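Here are my notes on the two-chain model you sent.

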Amino acid sequence: MYDIETGAPLCGARLLEIQAFLAQRGLTMEGAADFYVVLRDEDGAIAATGCLEGRVLKYIAVAPSAEGTGAAATVVSELVSEAWREGIGHLFLYTKPENGRMFRSLGFYPVAQTDSVLMMEDKKDGIAKFLAAIPRREGAAPVGACVMNCNPFTNGHRYLVETAAKACGLLYVFVVSEDASLFPASVRLALVQKGTADLSNVIVAESQDYLVSRATFPTYFIKERADLAHVQTDLDLAIFTQRIAPALNITRRFVGTEPFCPVTRAYNARMKELLPQAGIELIEIERKDGISASKVRALMQAGDLAGVRALVPDTTYAYIKDHLG
Amino acid sequence: MQIVTKGVAGTMESSDIIVRIEPAEQKGIELTLTSAVMQQFGKQIEKVIRETLAELGVESAIVNAVDKGALDCTVAARVKAAAYRAAQCEDYTWRTKQ
């Protein structure tokens, strides 16, 4: 049996030791871990590791000598218990598809997968429930979708939604739920809802955990860093094409052209490649007058309310005016 | 017994079961069971979980159990411990030998 060592935060000598162990398994550690588990054999050598970062189980690795001893189960059980005690009720993990069976036996269920990554969650019907809660509209076709952060909702977003809505019987606007932006997720969602309230064939929904958030990107176990961007976008698109689009009958996805951000541009290019294979048409809409949310945030920073006003709908402006400074 | 928060007991070690309990909005026990011996004993494990909760008077809860071949007495013990924790109840009534 192993000695179980748990703790937080992961830093100092322990961090270096775990990093070295992971490196031998071809895993790269990124970001902070909130909680860690290390199993040690009789000689004190690491037999297995695992970490918890927010809602994501990470860095689960087992030494070759400890394979088949239930070490992974011990690690996962410690992580799951810790998360539960911390009140985290919904966990995710990313693994290689060949490990799916093992994690399945530990109470994780598949969400979607690509050739190299399988995303799993510990709720049997997590994504099914998320999809079931999104309103449907009978007979509306074609059904389109766009996914936006809207930090905050600008005239540019408004133009994209309006143009896309005209080309669809029904348009879903998914607002990214991850809280890593200047405007909190609840505010971004509310501003999109208010800013599109007059468009009768638009349904605004939260993306929750299922349109990949930065916090849940499975970057850490990819050996070739150059592949990274592809792995991320491919998994995101796998969730969209395998789960979301079929459930909501979505056949079109809309994006704005991206003149500035290379990551978004690469993502759009990848969509162009992968979505048609899944029977989904990708439609790029020319960005309106180069309006961007980052420009709005810069104007806010400079205290230029008049400048902000020119770039955002009244509903967004009202919020900024009330909350600025 | 009222489930008011999240409670967990047990492990995923061989011969054990980990039971996670949380409050449910609707009445009833919503149970998800993963078991290494689902085919042979899935029904029996589910029965023990539901009976143990009924005994404790838990009428509403979401329960997630991952079983690794636990005996019935282990299943019952883990369910009880998780339920007491989830009910934030420390007033244990130990069953006396009959």
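1. Start with A:Cys150. In this predicted model, A:Cys150 counts as buried because 25 other C-beta atoms lie within 10 Å, and the cut-off for buried is 20 or more. A:Cys150 sits in the loop between S8 and H5 of chain A. Its phi is near 55°, a positive value in a residue other than glycine. Look at the backbone there.

2. The loop between S8 and H5 of chain A also holds A:Pro152. The peptide bond joining A:Asn151 and A:Pro152 is cis, with omega about 0°.

3. A:Pro142 lies in the loop between helix H4 (126–132) and strand S8 (143–148) of chain A.

4. Now the overall build of chain A. Chain A has eleven helices and twelve strands. The C-alpha atoms fill a box of roughly 65 × 45 × 35 Å along the principal axes. A compact globule of 325 residues would have a radius of gyration near 20 Å; chain A has 22 Å, so the two agree. Buried residues make up 40% of the 325 residues. Take the contacts in chain A between residues at least 6 apart in sequence: 68% of these join residues at least 24 apart.

5. One helix pair in chain A deserves a look. Two packed helices are described by the angle between their axes and the distance between the axes. The axes of H6 (residues 185–195) and H11 (residues 314–323) of chain A come within 8 Å and cross at roughly 145°. From H6(A), the contact uses A:Val187, A:Leu191, A:Lys194 and A:Gly195. From H11(A), A:Thr315, A:Thr316 and A:Tyr319 take part. By type, the residues of this contact are three nonpolar, three polar and one charged.

6. Turn to chain B and its helix H2 (residues 72–86). H2(B) has 15 residues and reaches 21 Å from first C-alpha to last, close to the 21 Å expected at 1.5 Å a residue. Which residues of H2(B) are buried? They are B:Val75, B:Arg78, B:Val79, B:Ala82, B:Ala83, B:Arg85 and B:Ala86. These residues cover an arc of only 160° around the axis, so they lie on the same side of H2(B). They pack against strand S1 (7–9), strand S2 (17–22) and helix H1 (38–55) of chain B.

7. Take B:Val75 as one example from H2 of chain B. B:Val75 counts as buried because it has 25 C-beta neighbours inside 10 Å. Leaving out residues up to four places away in sequence, B:Val75 touches B:Ile17, B:Ile45, B:Val48, B:Ile49 and B:Ala70.

8. Helix H1(B) is the partner to inspect next. Its 18 residues should span 26 Å at 1.5 Å a residue; the end C-alpha atoms are 24 Å apart, so the value agrees. The buried residues of H1(B) are B:Ile45, B:Val48, B:Ile49, B:Thr52 and B:Leu53. They pack against strand S3 (28–35), strand S4 (60–67) and H2 of chain B.

9. Both helices of chain B discussed here are followed by a positive phi. After H1(B) comes B:Gly57, with phi near 75°. Just after H2(B), B:Gln88 has a positive phi of about 50°. B:Gln88 is a residue other than glycine. Is B:Gln88 buried or exposed? It is exposed, because 11 other C-beta atoms lie within 10 Å and the cut-off for exposed is 12 or fewer.

10. Last, the contact between the chains. It takes 14 residues from chain B and 15 residues from chain A. On the chain B side, the elements giving two or more residues are S2, S3 and S4. S2(B) gives the most, with three residues. The chain B side divides into five nonpolar, five polar and four charged residues.

How values were computed:
Residues are numbered from 1 along each chain as its sequence is written. Chains are lettered from A and ligands numbered from 1 in the order in which they are written. This is a predicted model: local features need pLDDT of at least 70, side-chain atom pairs count only at pLDDT 80 or more; totals for chains, interfaces and linings use all residues. Helices (H or I, at least four residues) and strands (E, at least two) are DSSP runs, numbered from the N terminus. The radius of gyration is taken over C-alpha atoms; the globule rule is 2.2 Å times the number of residues to the power 0.38. Two residues are in contact if their C-beta atoms, placed from the backbone, lie within 7 Å. Axes are lines fitted to C-alpha atoms, for helices over the stretch in contact, and angles run from 0 to 180 degrees between N-to-C directions. Ala, Val, Leu, Ile, Met, Phe, Trp, Tyr, Cys and Pro count as nonpolar, Asp, Glu, Lys and Arg as charged, and the others, Gly among them, as polar. The expected span of a helix is 1.5 Å times one less than its number of residues. The arc is that of the directions from the helix axis to the C-beta atoms.
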